[in-house]
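I am opening my notebook on a new structure and want to write down, step by step, what I looked up in it.

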Amino acid sequence: MMDGQQCDIYYENVGEDMLSSLLNVMADHSKIIMCGATATYNNWGSKEGVRNFENIVSKRIEMKGILYFDEDFNERIKVFMEMGALDM
């Protein structure tokens, strides 16, 4: 992201430091789609979690968890790709 830019939609699958960093640049009323936490997959004993959770409330961020085997996963991802919000 360029200096001063904010993020309106974010597809999250890393967790911890990555999510904490992104919460600082998320726009008001933005959306985060959660589909994993690879930062903790091989390190369950030292989960730090999200350090700036208060940004979710103060920026009124909407977060939704989805699983890749949900019935409508492909349709949801297709919508984000059509919006240009996700590139695979």
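The entries below go from the sheet to its helices and then to one loop.

**Entry 1, ground rules.** I noted that this is a predicted model, in which local features need pLDDT of at least 70 and side-chain atom pairs count only at pLDDT 80 or more, while totals for chains, interfaces and linings use all residues. Residues are numbered from 1 along each chain as its sequence is written, and side-chain values use heavy atoms, with hydrogens and water left out.

**Entry 2, the sheet.** I looked up the strands, which like the helices are DSSP runs numbered from the N terminus (helices are H or I, at least four residues; strands are E, at least two). I found an open sheet of three strands in the order E1-E2-E3 with parallel pairing, where two strands pair if DSSP finds at least two bridges between them. The edge strands are E1 and E3 (62-65), each of which pairs on one side only. From one strand to the next, the twist averages 10°. E1 and E2 run parallel and are joined by five bridges, and I noted that Tyr10 has Ile32 in E2 as its bridge partner.

I followed the chain from E1 through H1 to E2 and recorded a right-handed β-α-β crossover, right-handed meaning that, with the strands pointing away from the viewer, the path from the first strand over the helix to the second runs clockwise.

Which residues of helix H3 (residues 73-82) are buried? I listed Phe73, Ile77 and Phe80, where buried means under 20% relative accessible area, exposed over 50%, and partly exposed in between (1.4 Å probe, protein chains only). Seen down the axis of H3, these buried residues fall within an arc of 60°, so they line one face of the helix; the arc is that of the directions from the helix axis to the C-beta atoms. On the other side of H3, I found Asn74 and Glu82 exposed. After H3 comes Gly84, with a positive phi near 80°.

I placed Asn13 in the loop between E1 and H1. Is Asn13 exposed, buried or partly exposed? Asn13 counts as partly exposed, because its relative accessibility is 32%. Lastly, I noted that Asn13 and Cys35 are 22 residues apart in sequence, and 5.1 Å apart in space from C-alpha to C-alpha.

Definitions and conventions:
Axes fitted to C-alpha atoms, helices over the stretch in contact; angles between N-to-C directions.
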